[in-house]
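Dear colleague,

Please find the structure below, handed over for your study.

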Amino acid sequence: MLEVIKPGVQMCIQDLGRHGHRHLGVSQSGVMDPMALHIANLLLDNAPNTAVLEITVGLAQLKFTTATNFALTGGDLNARLDDTPLTPGWRYFSKPGQILSFASSSDALRAYLSVEGGFTLNTVLGSHSTDVQAGFGGFDGSALAAGDQLHYESCVAKSSAGALQPPYHKQIRILPGPHCERLSLTTQQLLCTQQWQVSPDSNRMGMRLSASEPVTHQVSINSQAVLPGTVQLPPNGAPIVLLNDCQTTGGYPMVAQVIAADLRHFAQLSAGDMINFTLVTPARAYQETQQQQYHLNQLRFALTHRDRSIS
């Protein structure tokens, strides 16, 4: 069992998300960084969509009451198992009674914790993810609180193993949006000619951005379907990048779409960070997604070969 001693700013259960229900107004939810989830589960030989803990900011403490192998991925929030520093991208073993703690970091925002075999959870609409806004999924439909207990099966120790995590970037690649003509500007002119700063009022629903020269406008559109990665431009000229918990429709002009491979970078962006946008082609966006899959395939092969060699 994993007992929450201190949940920190936000700690919640997430898997790869709740898909196929947006027409009913149900958000996707899911981990902000799918690569981190995949790597954590590969290190433990878990099923690919096994739910993990998403730890935001850190300042959290967890107690393992049962022996287990666990993996840490995502950003480096200066985690420790008792007094031993841990490195993201590695598999570790915990004895009963050991304490996993997270400090914080100015360079990272979210870390991910997976346990061997996964946590015992109920699915809602085919997913274990917590929809914090709607209040369902995960652990009682909310972020974890002190005293909450997550069950998992005990297991014997595996040797430690690590994996290279792809780096995080602040250069975000985008595709053109459908409403730029309504603004008489191109996506390049709207987003790619200046730096954007992450606003404090950002969360898992969306990241608000500001700049020294916002492009204000009076254009309105009928509400249309949106999805994580859609870049909306409200009349005040401050773009919103929609993220995993975003609504399913929106009425602001859509000026760009973040490529799927780059959405993971938003998991580590904090208020005050500066980002840039770069236009790419659909072919390049597809290539980058394929490249991430190649990375995971190589890791799967390497871990399988390594574990067979040891046994």
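Two strands pair if DSSP finds at least two bridges between them, and strands (E, at least two residues) and helices (H or I, at least four residues) are DSSP runs numbered from the N terminus. This is a predicted model, in which local features need pLDDT of at least 70 and side-chain atom pairs count only at pLDDT 80 or more, while totals for chains, interfaces and linings use all residues. Residues are numbered from 1 along each chain as its sequence is written, and side-chain values use heavy atoms, with hydrogens and water left out.

An open sheet has six strands in the order E2-E3-E10-E5-E8-E12, and their pairing is antiparallel. Strand E2 (10–14) and strand E12 (161–162) stand at the edges with a single partner strand each, so one side of each has no neighbour in the sheet. Five antiparallel bridges join E2 to strand E3 (residues 52–56); Met11 stands opposite Ile55 in E3.

The whole structure contains zero disulfides, a disulfide being a pair of cysteine sulfur atoms within 2.5 Å. For Cys180, the nearest cysteine sulfur is that of Cys192, 9.6 Å away. For Cys246, the nearest is that of Cys12, 15 Å away. Cys180 is buried, with a relative accessible area of 7%, and Cys246 is buried at 0%. Here, buried means under 20% relative accessible area, exposed over 50%, and partly exposed in between (1.4 Å probe, protein chains only).

Yours sincerely
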